[in-house]
Number of protein chains: 2
Amino acid sequence: MKERITQLLEDKKLAELREELQKINPADLAILLEDMDEKERLLVYRLLPKELAADTFAFMESDMQEGLINGFTDRELREVLEQTFVDDAVDMIEEMPANVINRILRSTDRETRDAINQILNYPKDSAGSIMTIEYVKLSRYLTVADAISRIRRVGTDKETIYTCYVTEYRKLIGMVTVKDLLLAEDDELVEDIMETNVITVNTHDDKEDVAKQMSKYDFMAMPVVDDEGRLVGIVTFDDAIDVLEEETTEDFSKLAAMSPNEDSYFKTSVPIHAKNRIGWLLVLMLSATLSGSVLRHYEAAFQAIPLLVSFIPMLMGIGGNCGSQTSTLVIRGLALDEIHIGDFFRIIWKELRIALIVSVVLAIVNGIRIQLTYHDMTISLIVALSMVGIVILGKLVGGMLPIVAKSLKLDPALMATPLITTILDTCSILIYFGIATHFLALT
Amino acid sequence: MKERITQLLEDKKLAELREELQKINPADLAILLEDMDEKERLLVYRLLPKELAADTFAFMESDMQEGLINGFTDRELREVLEQTFVDDAVDMIEEMPANVINRILRSTDRETRDAINQILNYPKDSAGSIMTIEYVKLSRYLTVADAISRIRRVGTDKETIYTCYVTEYRKLIGMVTVKDLLLAEDDELVEDIMETNVITVNTHDDKEDVAKQMSKYDFMAMPVVDDEGRLVGIVTFDDAIDVLEEETTEDFSKLAAMSPNEDSYFKTSVPIHAKNRIGWLLVLMLSATLSGSVLRHYEAAFQAIPLLVSFIPMLMGIGGNCGSQTSTLVIRGLALDEIHIGDFFRIIWKELRIALIVSVVLAIVNGIRIQLTYHDMTISLIVALSMVGIVILGKLVGGMLPIVAKSLKLDPALMATPLITTILDTCSILIYFGIATHFLALT
């Protein structure tokens, strides 16, 4: 398809090109435009029918949007903005430089401008910052037939019409889906079929919690109310999915000891990448001083028996990995609301039993391997015993730290791999050389 | 709320309890019932109105469903199943023991039974296995008014009515949303307002790809067709979100060197947990033999200068962490479709520049620290130089391996932390002692 578009563009067959473009989904069009240069892009974009153009615009990355806006006439900009939902406009504005923002705000009507400004004022990660104000409001006294004809009249510029909200003096008193309305009799009243136990969120709630609730309840939209219970907007499911994806990416970053970043890999510049990664690496490097100085303490031991040194990487690796296995599961469980702070002792008890099975298997396999390679029963025994101790410690620390972090209102994901590894590295060496010096009667 | 329910239950105020229960959302009701014992649960469940009961049932974990089914009379079971969507029934059946499955299949009508059997026959992770067959079909020749009244007639037992599919001889020829219908004039024809460029998936497509496409296009439902282009079902957005969540959990498990598991942390038994974790640990343990034997090779070096040993944990830790930072970003980028196989050299070039910045900063800080502690310029220099080499190698290996895995059609997530750490551990030691023996003129 892409080749065909390029061909038509080269041959300047614009009528055919226009025809062809209309068959493409806006999300795919945005990707297609991304591969063109600025001039071609503007040319192709101008061939799109108004509504498709606006939909495509909403799917673009912000730098592409900015480039297009700079090429737009004022009239074109106004046309795009008229077709854009307020929440998408806010997303767009948040990424633009000041001069472009001013041009955008000048091109919107007063009402939209006020709405945009209002949403921009909510805290960065709040429900208010991702909500839209374009939803369908109904009165409780409408009949089903009247409600449907109201939806048909006002629905055009609403982001979703499928969930309608019933308000009285701006307070949210119920909700009704288009499905409920369509399946009801024409002369029933909205107040008789509406759901009155409406689950809502507050404008200041964390957007991640809102997205999680929507996923829990399978909601297509979630009403957002202010402190007085007045309906101020709704969050739609497509934005909720974006939030969940963004938060997952953040968790991945934290698990790999990086500061999270909102842009994609290639959009992020080299210095920013370096900055995001260097912080934790410095912490890890300096805290490794600890395990280093513990090792210094046992210099006599490994000068007497240098073979001891060759098991350090393995034992440290196993300790760190056991810890991160457990902490990853617990962090993910906390994120999915499957694990709670009160489960602390249940987790410890479970991990203890798991650690026993795992450590005994590992110790036996490893003991046999060392015995076969070095024919030294004492070393085999020392490594096997250290293994048991290190695995058990790793599992317990990995299970406890995320819960402790959560109960201290810290982000459990920060307690992941790097911190646990540092703690476990030092402990592993202490356990290993503690056992070794005891058995070998060294210093 | 929970206290109030427990109180009413204790006081046997069943009418009031029934009243109270109806105010609760099905997802919350399922959680509430989870905390009760079997007898209470059945009692409370029987108080729920039919539809709420079925909705709540769909939100329960499979072991709770099984317990309830065992307590149901045949008539109760039939009632629940009548209200259950086919895709939810399939989810349920997949987790049940054979005798319960037989009872369920005996209690459904012939048509539903055929549909369930058909879906059960699709491969485990295919689009077919998560689709529902309950969607609204329209003919192209209907007027908008007729289409709306058809939806009102047949909509009750459809999972979604908001996207309707236009078929001709069972082939999918277009789709139209309820919003389109409501906003069109009554006498327009469906064929004139329908979208004819419909994006579809095949029954055998991977369910993860389907979910990703739905998230890309912001679809509420995705039509599933067979090899002949005939419409056989739809995947709804709530199931797509579940798939995305499940896959993310799997990726987290793989990143932490565990076999992924479908059940939640507490639902998984201790032996299963141990089994999932022990495989990779054994691999890591045995491959650490490699770094161990490299260390044996340099025994003379650290017997001469034991201080060298104390920097091993730090250098290995930094190498592994640098590698996993990069590999995590690349794996996530591949999962989100932001990075492709063709970006191989772009990633290497980017990581090389990042590694230069990061390694120089780390080397300087660390060199100064060692100089201040040990006043040994040679050692400081050796460790600093090793640091630069190890960080660069870590970033490059971390960036390359996931892409290589992807191009070999392996799961990139498997190339994560554990494998990279093992490779980097050995390389780090080689670089470190290579530089050290060179500078200190040791063997």
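Val361(A) lies in helix α20 of chain A. The model is predicted.

**View 1. A nonpolar patch on the surface draws on both chains, with Ile357(A), Val361(A), Val365(A) and Leu286(B) as its members.** Together these four residues have about 260 Å² of accessible area. Helix α20, residues 344-374 of chain A, gives the most to the patch, with three residues.

View 2. The size of an interface is often given as the accessible area lost when the parts come together. Chain A puts 110 residues into the contact, and chain B puts in 110 residues.

**View 3. Polar contacts and salt bridges cross the interface of chain B and chain A.** Between the two chains, 34 residue pairs are in polar contact, counting pairs with both residues at pLDDT 80 or more. Helix α17 of chain B, residues 270-297, supplies 17 residues to the side of chain B that touches chain A, the largest share. By residue type, that side of chain B has 60 nonpolar, 25 polar and 25 charged residues.

**View 4. Asp28(B) and Lys216(A) form a salt bridge.** The closest N and O atoms of Asp28(B) and Lys216(A) are 2.8 Å apart. Six salt bridges are found across the interface of chain B and chain A.

**View 5. Within chain B, the side chains of Glu168(B) and Arg140(B) meet in a salt bridge.** The N to O distance is 3.1 Å. This pair links distant parts of the chain, 28 residues apart. Glu168(B) is in strand β2 (residues 163-168) of chain B, whereas Arg140(B) is in the loop between β1 (136-138) and α12 (144-154). Over all chains, the structure holds 41 salt bridges.

Key: Residues are numbered from 1 along each chain as its sequence is written. Chains are lettered from A and ligands numbered from 1 in the order in which they are written. This is a predicted model: local features need pLDDT of at least 70, side-chain atom pairs count only at pLDDT 80 or more; totals for chains, interfaces and linings use all residues. Side-chain values use heavy atoms; hydrogens and water are left out. Contact means heavy atoms within 4.5 Å. A polar contact is a pair of N or O atoms within 3.5 Å; within protein, one must be able to donate a hydrogen and the other to accept it, and residues adjacent in sequence count only if both atoms are side-chain atoms. Helices (H or I, at least four residues) and strands (E, at least two) are DSSP runs, numbered from the N terminus. Ala, Val, Leu, Ile, Met, Phe, Trp, Tyr, Cys and Pro count as nonpolar, Asp, Glu, Lys and Arg as charged, and the others, Gly among them, as polar. Patches are made of residues with over 30% relative accessible area and no salt bridge: like charges are joined within 9 Å, nonpolar side chains (Val, Leu, Ile, Met, Phe, Trp, Tyr) within 5 Å. Accessible areas come from the Shrake-Rupley method with a 1.4 Å probe; for residues, only the protein chains shown count as cover.
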